[in-house]
Number of protein chains: 2
Amino acid sequence: MMNFKQLLRHPSSRLFIDQARFGVEREGQRVNLIGELTRTNHPAIFGDRTFHPYIQTDFSETQIELITQVTDSIQELFQYMAAIYDVASRSLPNDEMIWPLSMPPALPEKDEEIMIAKLANFEDVLYRCYLAKEYGKRKQMVSGIHFNFEFGDDLIQSLFVQQTEFADFTTFKTELYLKTARNFLRYRWLITYFYGASPLSEANYFTDRPAPNEPVRSIRNSSYGYTNHPNVKVSYASMAQYLTDIEQMVEEGKLSEEKEFYTPLRFRGGKRVADLAKTGVRYIELRNIDLNPYARLGIDQEQVRFLQLFLTYMLWVEEDDEVDQWVEEGTKRNEKVSLEHPLSQTEFAKEGYCLLTDMKKMVLELEQTEAVPLIEKMLEKLEQPNETLAGKIYQDAQKESQHDFATVLGKKYYQNTHERPYQLAGFRNMELSTQIFLFDAIQQGIEVKVLDESDQFLRLQHQDHIEYVKNANMTSKDSYIVPLIMENKTVTKKILEEAGFRVPNGAEFTTLEEAVNAYPKFAHQVFVIKPKSTNYGLGITIFKEGADLADYQAGLSLAFKEDHSILVEEFISGTEYRFFVIDGKVKAIMLRKPANVVGDGKQTVAELVAEKNLDPLRGKNHRAPLELIQLGDLEQLMLKEQGLTVSSVPEKGQIVYLRENSNISTGGDSIDVTEEFSESYKQIAVSAVEALGAKISGIDLIIPDKEADPNETPTAYGIIEANFNPAMHMHVYPFAGKGRRLTMDVLNLLYPELHIIEAETEVFNAEK
Amino acid sequence: MMNFKQLLRHPSSRLFIDQARFGVEREGQRVNLIGELTRTNHPAIFGDRTFHPYIQTDFSETQIELITQVTDSIQELFQYMAAIYDVASRSLPNDEMIWPLSMPPALPEKDEEIMIAKLANFEDVLYRCYLAKEYGKRKQMVSGIHFNFEFGDDLIQSLFVQQTEFADFTTFKTELYLKTARNFLRYRWLITYFYGASPLSEANYFTDRPAPNEPVRSIRNSSYGYTNHPNVKVSYASMAQYLTDIEQMVEEGKLSEEKEFYTPLRFRGGKRVADLAKTGVRYIELRNIDLNPYARLGIDQEQVRFLQLFLTYMLWVEEDDEVDQWVEEGTKRNEKVSLEHPLSQTEFAKEGYCLLTDMKKMVLELEQTEAVPLIEKMLEKLEQPNETLAGKIYQDAQKESQHDFATVLGKKYYQNTHERPYQLAGFRNMELSTQIFLFDAIQQGIEVKVLDESDQFLRLQHQDHIEYVKNANMTSKDSYIVPLIMENKTVTKKILEEAGFRVPNGAEFTTLEEAVNAYPKFAHQVFVIKPKSTNYGLGITIFKEGADLADYQAGLSLAFKEDHSILVEEFISGTEYRFFVIDGKVKAIMLRKPANVVGDGKQTVAELVAEKNLDPLRGKNHRAPLELIQLGDLEQLMLKEQGLTVSSVPEKGQIVYLRENSNISTGGDSIDVTEEFSESYKQIAVSAVEALGAKISGIDLIIPDKEADPNETPTAYGIIEANFNPAMHMHVYPFAGKGRRLTMDVLNLLYPELHIIEAETEVFNAEK
């Protein structure tokens with residue numbers, strides 16, 4: 001027999017020893033906010049369940065199933081799990097949440113009120129009807145975690161090259177997983193002891209069949225859980241034997257089909273069980289993990305890390321030659337442990353102690369020292385059943401009821417996901433626009449992968465259609481030259497001017513001398529001096545009544561500090577509006593106002609600011625769509641100029657500005673005014689963006705009077721600049737006015753084949 | 001009558017007083033290097049003469065015509081003129097040049113040996129046959145400058161709004177040009193005096209008709225030049241009268257068609273003369289400018305500035321009421337001045353003095369003080385006929401012959417354009433790749449406009465097809481996401497890896513701690529530490545035999561100095577090659593070698609370097625495709641390590657490297673090795689670029705042994721990086737191997753409809 005322990009010990013395997021791939025499927029019943037099973041359908045917003053990679057239904061219509069993609073690290077796994085959970089939770093009706101326990105809440109008395117999942121595929125529905133008949137509907141209402149695990153390819157490769165027994169890599173790999181599986185089945189009682197978390201059932205779960213003597217460790221993992229009939233037996237001696245046995249069971253009618261073989265560990269290869277003969281085992285699926293109600297996601301990182309170490313140990317530790325007996329013994333022990341009282345010592349504590357002590361030795365030998373404290377913690381839990389999940393749940397259920405305790409936890413998780421709807425758990429370090437964009441993509445069932453978190457780089461996929469997206473709206477739909485045009489103000493102006501749009505007259509200069517020589521041209525105009533390429537308002541001087549030579553020169557010097565090229569331009573006065581154009585349509589128009597408060601005749605400026613800052617849309621450092629209003633030196637100076645201090649009490653209705661500039665980043669207000677503009681202005685924005693060749697652009701127009709008709713008044717507008725990566729989050733969650741889900745429009749542009757709902761519907765916008 | 005003087009004086013016109021648009025058409029005979037008229041056809045490389053906007057033929061096949069686009073400044077005008085001249089000159093057969101005089105060189109004795117231009121359009125040929133018959137072929141062989149001039153639109157607008165006489169802007173504009181034209185025709189003798197430059201004819205010019213008494217000031221501008229028969233008379237009193245008269249002449253058979261009306265000044269509006277009734281005058285074309293042989297381009301900036309001031313003055317100065325008489329008087333005076341001896345005082349010196357003195361007053365009044373010295377210089381020339389162009393040519397012709405003097409000048413200009421074939425006159429401040437790209441576009445008849453010189457931003461147009469190009473290969477053909485992918489090494493690697501290409505194994509780190517923790521993974525490998533996003537070789541450490549922890553940490557610190565993200569990667573050893581892929585094909589493969597010299601057993605290292613630096617392809621600061629080899633501290637250190645100094649004499653054939661790095665910018669050699677690679681490697685480069693979604697990319701492969709088959713040896717290559725704006729000039733003008741005209745390939749990608757010749761033909765590469 002293969003000595004995997006020796007292979008794992010080999011120094012050349014060290015580099016890859018913790019290399020693995022992970023995936024999680026997590027089921028959960030949808031309930032209302034007082035913990036009653038919902039009667040609503042799976043939300044339509046998720047679209048077609050036939051392809052949705054992340055959000056599905058399991059047996060019943062109320063049982064949502066969240067599925068992560070395969071990830072290369074535990075950290076990444078939990079990022080995606082958190083994100084998918086956030087999306088699912090916030091996409092449910094506002095009065096629904098996800099039940100945190102494996103055991104369902106009280107079930108309806110009548111069987112017909114338990115809705116089988118309304119799937120599009122007729123065979124899928126038929127299979128569920130068969131299951132309902134064969135096992136009963138109630139049994140199927142239990143939820144859990146399916147944990148997919150694959151040893152790293154480099155790791156298996158490096159084990160493979162050190163041995164000589166198997167010439168074929170696939171066969172070797174299958175052998176490796178067979179050993180892991182047999183030992184896992186033999187020792188899984190330990191996992192049930194630690195992570196079993198279904199000690200008590202709720203009303204109407206056991207109405208149609210015998211119930212265990214509650215409390216236990218895990219109803220779900222016991223024979224009272226959802227398992228095959230006892231006459232279903234399969235050998236794990238070899239893959240050939242395993243497949244033959246399953247086939248036999250089906251032939252004998254003990255199983256309706258291969259996939260009805262429910263086992264705590266499944267081999268995964270191709271699409272069907274029988275494919276394993278060809279593909280070999282690619283990964284294994286553990287199905288014996290109950291939902292951990294203390295983890296928002298149903299499982300936590302420590303659990304996954306322990307499972308990884310445990311599975312590695314299953315490959316490491318010796319097994320018995322009599323493999324079927326070995327597995328059978330495991331099944332017996334697991335049944336016993338499952339049905340033990342959750343606060344009792346387990347019957348097999350001594351075997352557990354030996355296993356964990358030996359695991360610790362392995363971990364040290366493989367230089368995974370970081371894992372030692374975890375194993376020591378598990379050793380302690382072996383002594384302290386009250387620290388196991390089942391133990392804790394039982395104790396908490398004693399204080400109130402299990403139902404009340406689970407409802408409180410569910411609401412806590414609900415509030416957690418709903419608190420800041422513009423953020424996406426798992427990816428909170430990314431830009432808000434990207435978080436919102438990721439939310440929408442996951443919701444719409446587009447596969448997402450964050451290629452580079454700090455660079456806001458995403459990969460999207462739907463079927464064979466792959467798109468790469470950076471900063472949520474830099475995509476393949478725009479051509480390379482477009483951002484280069486927009487980055488260069490002179491080129492942008494030349495192109496817009498040639499296309500007949502009004503842009504400020506002016507000239508570009510690269511030397512102070514040239515610019516000074518041009519003084520007579522501008523002296524008596526209203527004009528502005530600005531650096532050519534910076535975008536943050538630095539180095540800009542506006543001359544509203546012309547300028548004398550000295551002031552002109554001072555303005556030039558200021559601008560030249562910011563860039564080696566500067567522009568001297570006609571100043572077009574009026575209000576600046578951001579027109580957001582996507583694919584030839586104006587999707588949002590925004591007015592930005594400087595930081596301000598409105599008096600109520602009672603509160604001081606400081607109090608008004610504090611009150612305005614309570615808005616959950618306000619935060620710090622771009623973590624929220626709006627920034628907190630500050631009361632620093634600049635704001636106090638601004639107050640002083642108006643004859644006010646922070647302690648002044650403005651009159652009712654009096655607007656007090658705290659800043660001159662209207663930037664959102666200094667506490668400004670974002671106000672959606674999309675509906676206030678006539679088609680003619682929108683047409684100008686659309687045509688100008690078209691002239692620049694762009695699919696996505698935020699174009700800034702100065703408009704003195706938005707009631708004037710730009711087709712009749714040539715000076716009705718002036719185009720200031722076009723932006724190639726305009727912020728979207730401020731449009732989705734504006735301070736005032738309607739939110740515009742531009743992220744959906746971008747998805748629609750990228751994936752027209754999905755017919756994504758137009759943003760106007762604004763389904764999941766924050767409530768104001 | 002309109003008082004234009006008053007309008008010009010108005011303060012609101014000041015801002016635009018020097019605003020104007022310019023265009024030049026310059027004819028010239030093609031001759032061989034000893035000044036004999038060529039017998040070759042117009043070069044095929046210019047493609048179809050029916051649309052070429054820049055390079056055409058005039059009457060005869062040997063008479064090339066260079067045409068600039070309309071420009072907004074004199075400086076810009078001369079940039080394009082210089083560029084077009086460079087392209088035309090370098091696209092001629094190597095033994096041909098452009099004759100610098102208006103008067104042609106000696107003509108063939110037989111009439112039939114003067115080739116009429118071989119145009120595609122039958123009517124064009126027919127018209128030339130008619131002209132040959134009507135005026136004689138020889139007369140048509142004269143060349144000159146056509147100078148197109150338009151007053152700035154803002155200027156005319158500001159004049160227009162100050163007057164009340166004309167309600168219609170177009171009518172006003174026509175009136176303005178009519179006045180300018182009448183005065184110009186009256187006073188043009190002054191231009192003939194200054195710029196007349198055809199004092200002498202060469203052999204066989206006057207064989208078929210009477211000759212003037214040479215030397216004169218301008219044969220071309222006299223009645224001996226190319227003018228209508230004396231019975232052709234047209235009134236300039238009004239546009240209506242002017243058009244009626246021309247129509248009359250055609251009806252009476254005095255002209256074959258409208259365009260046969262040859263006048264020193266043409267009104268331009270629509271396509272045909274008759275269109276002027278509708279379009280009004282848009283600009284005027286001066287046809288009385290002889291070629292200035294002292295200017296490489298046939299005219300210089302001072303001349304154009306003087307013409308601008310002169311035309312402004314023609315609008316300013318009063319005219320006579322009897323307009324036809326007024327024009328007639330001008331014609332008479334011009335005839336006289338044309339036929340004066342070039343070294344004599346002109347008969348009308350006094351009128352000239354008054355005109356120039358009054359012009360000076362105008363210039364001062366309009367605050368164009370910069371122009372005063374120019375007018376004073378012209379005043380001096382009035383006194384000194386030997387300083388006029390005709391005077392100078394006559395004197396030079398006296399020293400040798402006019403033919404020899406013109407041949408010497410022609411050869412000087414020829415050498416000037418051929419000296420550095422990788423540069424383009426007029427745009428030498430731009431990057432070399434852009435200069436070469438502009439050259440090719442002009443040659444192929446694609447209209448070019450430099451939108452931003454310092455930003456390498458071009459606009460190209462052929463018919464309605466507009467393309468914007470930055471840095472010669474950043475175009476609309478690549479999508480926006482492509483450069484963003486290539487800019488991010490981690491994302492590039494992930495995509496290439498997923499697509500099955502070999503990229504170095506490794507990991508990205510953003511903190512020193514994480515990176516240090518990963519030490520055990522890399523300790524015993526061959527690996528490299530590098531910053532994630534810099535491209536200049538800074539912060540890179542290679543560990544060829546693994547590393548101890550201290551060295552590893554030092555390497556990390558070095559990399560973190562350059563970027564906040566670093567990569568630790570497997571090091572793939574071998575030779576690095578740049579594969580240049582355009583539109584799914586490898587167009588060039590380049591090997592870069594560190595700065596080096598090869599010994600000859602005689603010369604010292606210093607002498608060998610000096611000799612190698614004589615290569616015209618070497619220069620400084622990226623003004624040439626290769627950089628000069630330095631002998632600074634780094635080079636001397638490198639020599640020392642080899643036991644050499646600058647005074648050592650290397651053996652014959654001994655290669656002495658002066659640098660470790662292979663960058664071209666530090667004196668390295670670029671060697672084209674395109675033909676040395678099998679299709680399989682090219683296919684890898686093409687597929688990798690395709691996986692990244694790019695149309696244009698320079699992708700760097702490390703190849704240990706280029707004879708190995710990459711389809712059989714998985715380690716035959718490794719992809720290091722892909723570049724989205726790869727330099728092209730080093731491929732077009734390599735140190736060794738065949739030049740690859742990649743700029744043509746980019747044009748071909750942008751304009752497939754032009755069927756531009758494939759770069760392999762390499763028609764105009766530098767001779768080595």
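Chain A can be superposed on chain B with an RMSD of 0.1 Å, using a turn of 180° and a shift of 0.1 Å along the axis. The two copies are therefore related as by a two-fold rotation axis. Both use the same surface: 100% of the contact residues of chain A recur in chain B. The model is predicted.

**Nonpolar cores**

- The largest nonpolar core holds 136 residues.
- Residues with the most contacts inside this core are Phe147(B), Phe172(B), Tyr242(B), Phe267(B), Phe306(B), Leu356(B) and Leu460(B).
- Helix 3 of chain B, residues 74–91, gives this core its largest share, 11 residues.
- In soluble globular proteins, nonpolar side chains tend to be buried together.

**Around Phe172(B)**

**Around Ile719(A)**

- Ile719(A) sits in strand 23 of chain A, which spans residues 718–723.
- Ile719(A) counts as buried because its relative accessibility is 2%, and the cut-off for buried is under 20%.
- Not counting residues up to four places away in sequence, Ile719(A) touches Leu496(A), Phe501(A), Arg502(A), Val503(A) and Pro504(A), and also Ala688(A), Ile699(A), Asp700(A) and Leu701(A).
- Asn473(A) is 246 residues from Ile719(A) along the chain, and the C-alpha atoms of the two are separated by 22 Å.

Notes
Residues numbered from 1 in each chain as written. Chains lettered and ligands numbered in written order. Predicted model: local features only at pLDDT ≥ 70, side-chain atom pairs only at ≥ 80, totals over all residues. Heavy atoms only, no water. Helix = DSSP H or I, 4+ residues; strand = E, 2+ residues; numbered from the N terminus. Buried < 20%, exposed > 50% of the residue type's maximum accessible area, 1.4 Å probe, protein only. Contact = heavy atoms within 4.5 Å. Core = buried A, V, L, I, M, F, W, Y, C linked by side-chain atoms within 4.5 Å. Least-squares fit on C-alpha atoms with pLDDT ≥ 70 in both.
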